[in-house]
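Have the structure open as you read.

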Amino acid sequence: MAVVGIDLGTTNTVVACVREGRVHVLPDEQGRRLLPSVVSFHPSGEVLVGYPAKERRTLDPQNTIASIKRLIGRAWGSDEIRRGRQRFAFELKEGPGQGPLVVARGQEYTLPEISAFVLRRAKEMAERALGEGVDRAVITVPANFNELQRAATKVAGRVAGLDVLRIINEPTAAALAYGLGRSAKERIAIYDFGGGTFDCTLLDLSGNVFEVLATAGDTFLGGDDLDLAIAERMSESFLRTHRYDPRSDAQTFERLRGTAERVKMELSARDRTQTKLREVAFGVGGGTLDLDFGMTRDELEMLATPLVERTFAVCQDALSVARLPVSAFDKIILVGGSTRIPLVRRRVEQFFGAVPNDRVNPEEVVAIGAAIQAAALTEVARRRSIPAAPMPASRWPSLPSIAPLPGEDEEDTDDVTVATELTALMAEREKVRPAMPTAPDRHRTTARLMAPATGPAATKTARLPSVSEATAQRLDTAPVYGAGRAPLPSSSGPLSSKPLATQPLAERPPVARANLPASAEAVPTPQSFPPPGLAAALIHPTTTTPLAAMPTPVQTPVQSRVQAHVQTPIQAPVRTPSPSPPAPLTPVLVDVTPHALVVETVGGWCDVVVQRNAKIPCERSRAFATSSDMQTTVRVRVAQGGDPTFDQNTYLGEVELINLRAAPRGQVTILVRFEVDESATLKVFATDSTTGRQAHATLQLVGIAGAQSVSSMAARNATARLR
Amino acid sequence: MIDPSSDESRSSGESIFAWLAVLDDLTYYELFGVHREASIDEIQRAFHAFCDTFHPDRHVGREPRQGEALKAIFKRGAEAYAALCDERLRGQYDDQLAAVRQSPLPPPRITFSPLSRPPSARPTAGAPLEESVRSASARPFARRAEELLQKGDLRQAKLQLVMANHMDPDNEALETALRDLELLLGSPK
């Protein structure tokens, strides 16, 4: 079974897969690499997806669903759904739990179900192209998507029969596709202007690690808006000449909108365009009325300017979060179809003061990045080894007395405040302990005893190390991953029971160029991944291989955009014959949460639990107390957003703490742990902070289907006839 | 595929739990192996090296307990990085660190809540409150109060202190702690 990366876009979906160390964008039967994210319910009962559905958009707009990504994960009462109802020809209605439903041919579908049809088609495309089943996927979403939108996208994947390994952010995926194999430290800005969303993400790339510095976005701003503006312009011109407003008929307007999209694209290549559209409407005598519409690039730019300017407000926001000036960025990467518009390129160049880079196809780069991540997440064989743990210098003497094991002391078991699985982890300390010195002396001296530099300072008195000693010691016991430090001698620390040379790190042979693609044109040469100082230290912990003997980095040639069949090579095939050393690992993505996570407090205010832009995965805890006597249930309302007033933020749902101990008010305090996982989705755990018992906490997200309805949706999806 | 029972997996697993075992006792600086005066650049480099080693994505396919341990280590790293990169938080942290350096308590942590006050205001810095408690039933409350104080959750800490006082009446240390805390909570800020 294969694993793929899917860019589930507002207008188009792209699916890619890593095979033999190369990324392939997977085409359909006819070699088309974009799958329009359009679903049409045909009178025959068939469900059309992609191009056939797009054709139905003008014929049957009421039963043809497009741009569903703009609405997914939105609650019924939200502005976005209201705007969507005005703007889309298909019918929307309120479903259970505030989740909107699409009504087509008398059937009701949740929004994730609509996306699931697109995903299922993408899955089928991939299966056909690969010749094997596809069961897992990494799906991308705009960086600015909130918890509900991510959760709904995950549901869509599951309904389509895919195990969603990870939800990753589109700009981050683009950075991965762009930056793979580049070892230089770079600061890049991703300008991702797609069909329906805009994101600006700022990253620091340093060979092995891609750190997201900040991200900001607008999930209701994209190329679609420009199409609409052009269609409006067309309608007005038609109204002037024929006294008929095409906006009064959904089908007619849909035709204009489709034409507008073509006009927009044409004007990226030329300065003016003339369009003739036949039989737009019928005149008084039954004769047909045609639309004859001309537009120049200047006129288009006038229409586009307000939209483009909005993107820079978003960029400014990201910059201020990162606290960096616009000049701090070495590279600007363009992502998304809308960045093909010349005005956009010009303005990006002006804003950032740098020529934007478009060496990868802006429409495919996200799927390529997703595929790379998917491959990295399923590759068990290659992973980092852990260096020996450092010793906490200043507090080392008291270490064994801190955090006693559960069961070791009756009183202590009552006071374990970590969740049970963590408690289980703590029990692992038992295993570690024998490796540690067991001297009963509480003020036992430490590694300094063995380190001659500070040796004499080690006394058996209760005196704590002075600042300088402590610092020296900290350096001594620094983790091996620290910049190129020589490994500790095997006897230097009680924790490292064996010489480091026998640590698995040493198993990592030197990086060689043996795996370079044969073709000189197969450009990005990740195999030439030049080991920077840090990596070199990691790869050669024993320094038996002199650094000078290591291969010099191959100059990365200037790359043309990734062409149809010259895929980005990413890593050596897994089945490399044994003499060849393993290729470097895919860079690790350190992403952030796009929105602050807040809980409601008295008076309708918010308490920020997780800050915006916090690195993920992360967790924060908050204590909540009962407010009335014998209260056994506590509800905590959770939202996302940056407003101090709770109601001004996007309401996510509530955490329900049930079966609490019955006690006088205020005596039961529940510690709720909010965990934002690698997909930036939220989980909650709760413990009674007095008894240490796990409390029952569930997070019910607004409009997000439970597991049961997901499986019934999946069953319905699987029986639908797709074409 | 690496056999989970192989030497590599086992020895690495031991290292993971060794890290977990000392996690609470490491200062943010120790965690990254940087000195106290490290520049932002040095901290970033160290954090990247840390991510390269500990990010859960670097450890696909590890057994669940190892995976959870790695996650816990990584989360602490993310917390440390956020604190050390923010000038204000770093200053706060350094102050707290200086205050508890002489005590056997684990190093302080930054709580990241605009509502909670810096734990540097903890009235008990230095002497563990728990040690002055005479009654066994009051001890868990005192300990809990201290933990909460360290987290910066003063209100919850107060609740626990009230309980401790109730269980161990006329304990001067507890009474002082509660009075200090009430003053702190009452003070306009």
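Which residues in H5(A) meet which residues in H10(A)? Keep in mind that this is a predicted model. On the H5(A) side you'll find Glu170(A), Ala173(A), Ala174(A), Leu176(A), Ala177(A) and Tyr178(A). They meet Val365(A), Val366(A), Ile368(A), Gly369(A), Ala370(A), Ile372(A) and Gln373(A) in H10(A). By type, the residues of this contact split into 10 nonpolar, two polar and one charged.

As for geometry, the axes of H5(A), residues 170-179, and H10(A), residues 365-378, come within 7 Å and cross at roughly 80 degrees. Angles from 65 to 115 degrees count as roughly perpendicular, so H5(A) is roughly perpendicular to H10(A).

Now for the strands. E2(A), residues 12-19, is mostly covered, with seven of its eight residues buried. Here is how E2(A) pairs up:

| Partner of E2(A) | Sense | Bridges |
|---|---|---|
| E1(A), residues 2-8 | antiparallel | four bridges |
| E3(A), residues 22-25 | antiparallel | four bridges |
| E4(A), residues 35-36 | antiparallel | two bridges |

Ala16(A) is a handy place to look: it is the bridge partner of Gly5(A), and Ala16(A) is also paired with Val25(A) in E3(A). Over at Asn12(A), the residue standing opposite is Pro36(A) in E4(A).

Three residues join E1(A) to E2(A) in one hairpin. E2(A) and E3(A) form another, with two residues between them. In that turn, Glu20(A) has a positive phi of about 50 degrees.

Technical notes: Residues are numbered from 1 along each chain as its sequence is written. Chains are lettered from A and ligands numbered from 1 in the order in which they are written. This is a predicted model: local features need pLDDT of at least 70, side-chain atom pairs count only at pLDDT 80 or more; totals for chains, interfaces and linings use all residues. Axes are lines fitted to C-alpha atoms, for helices over the stretch in contact, and angles run from 0 to 180 degrees between N-to-C directions. Angles under 35 degrees count as roughly parallel, over 145 as roughly antiparallel, 65 to 115 as roughly perpendicular and the rest as oblique. Two residues are in contact if their C-beta atoms, placed from the backbone, lie within 7 Å. Ala, Val, Leu, Ile, Met, Phe, Trp, Tyr, Cys and Pro count as nonpolar, Asp, Glu, Lys and Arg as charged, and the others, Gly among them, as polar. A residue is buried if 20 or more other C-beta atoms lie within 10 Å of its own, exposed if 12 or fewer, and partly exposed in between; C-beta atoms are placed from the backbone. Two strands pair if DSSP finds at least two bridges between them.
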